[in-house]
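Subject: Handing over a structure

Dear colleague,

I am passing this structure on to you, and below it you will find my notes on what was found. Please read them with the structure open beside you.

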Amino acid sequence: MQRITISIDDDLLAAIDRFSDRRGYASRSEALRDMVREAALREDIASEDDTPSIATLTYVYEHHTRDLARRLTEAQHAHHDLSVACLHVHVDHRDCLEVAVLRGGARTIRRFADTVVTQRGVRHGQLQVIPLGEAHDGHDHPHAHDHRHR
Ligand code: NI
């Protein structure tokens, strides 16, 4: 076992402690190890294949953070093949919320999402990948389905 040092803000640490108390972990380290283990497992499952998928990537960012808005826009332009639509909401003086709809291979989408949510100043990054399955692959989608909601 190795010992590491991480920097974490007070709010997040308080959240970890609440989580730890609620589940009854013996220590903060034990709680964190389980959280990380869970995330790592989810990551492995999600990155296994490049199944055609559609996805939403939601995140909040501080638009005053140096160059961040420009870098995020540039990242989306660099992956315009993945980008279907992007909704931008000015939440308050500091924060913007964006919801990007992405379409492409699951692994490709995940890699792109990682480059966005790991930027300094980006918070609450959440990716929801919906696999479409082989039948929906390609560009010859006939659009013959009706739009009844059942
Ligand atoms: Ni904004």
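What share of the 150 residues of the protein counts as buried? The share is 23%, where buried means under 20% relative accessible area, exposed means over 50%, and partly exposed is in between, with a 1.4 Å probe and protein chains only.

Before the details, please note that this is a predicted model, in which local features need pLDDT of at least 70 and side-chain atom pairs count only at pLDDT 80 or more, while totals for chains, interfaces and linings use all residues. Residues are numbered from 1 along each chain as its sequence is written, and side-chain values use heavy atoms, with hydrogens and water left out.

The protein has 4 helices and 4 strands, and from the N terminus on these elements follow the order α-α-β-α-β-β-α-β; helices (H or I, at least four residues) and strands (E, at least two) are DSSP runs, numbered from the N terminus. Among contacts (heavy atoms within 4.5 Å) between residues at least 6 apart in sequence, 66% join residues at least 24 apart.

Pockets

The largest pocket has a volume of about 1000 Å³. A pocket here is an open set of points, on a 1 Å grid over the protein atoms alone, where a 1.4 Å probe fits, with protein on both sides within 12 Å along at least five of seven lines, and lining residues have an atom within 4 Å of a point; grid points are joined across faces, edges and corners, and the volume is the space filled by probe spheres set on the points. Of the 32 residues that line this largest pocket, Ala 39, Arg 42, Glu 43, Arg 110 and Gly 125 are the closest to its centre. Two or more lining residues come from each of helix H1 (10-23), helix H2 (28-47), strand E1 (52-62), helix H4 (106-117) and strand E4 (122-131), and H2 provides the largest share, 9 residues. The lining divides into 19 nonpolar, 7 polar and 6 charged residues, where Ala, Val, Leu, Ile, Met, Phe, Trp, Tyr, Cys and Pro count as nonpolar, Asp, Glu, Lys and Arg as charged, and the others, Gly among them, as polar.

The second largest pocket holds about 500 Å³ of space, and of its 14 lining residues, Ile 4, Ile 6, Ser 29, Leu 32 and Arg 33 lie nearest its centre. H2 again gives the most to this lining, with 6 residues.

Helix H3

In helix H3 (residues 68-78), the residues Leu 68, Leu 72, Ala 75 and Gln 76 are buried. They lie on the same side of H3 because they cover an arc of only 95 degrees around the axis, the arc being that of the directions from the helix axis to the C-beta atoms. The face turned away from this buried side carries the exposed residues His 77 and Ala 78, while what covers the buried residues of H3 includes E1, strand E2 (83-90), strand E3 (95-105), H4 and E4.

Two backbone angles

Asp 67, in the loop between E1 and H3, has a phi near 65 degrees, a positive value in a residue other than glycine, and is partly exposed, with a relative accessible area of 41%. His 124, in strand E4, has a phi near 55 degrees, also positive in a residue other than glycine, and is exposed at a relative accessible area of 61%.

With best wishes
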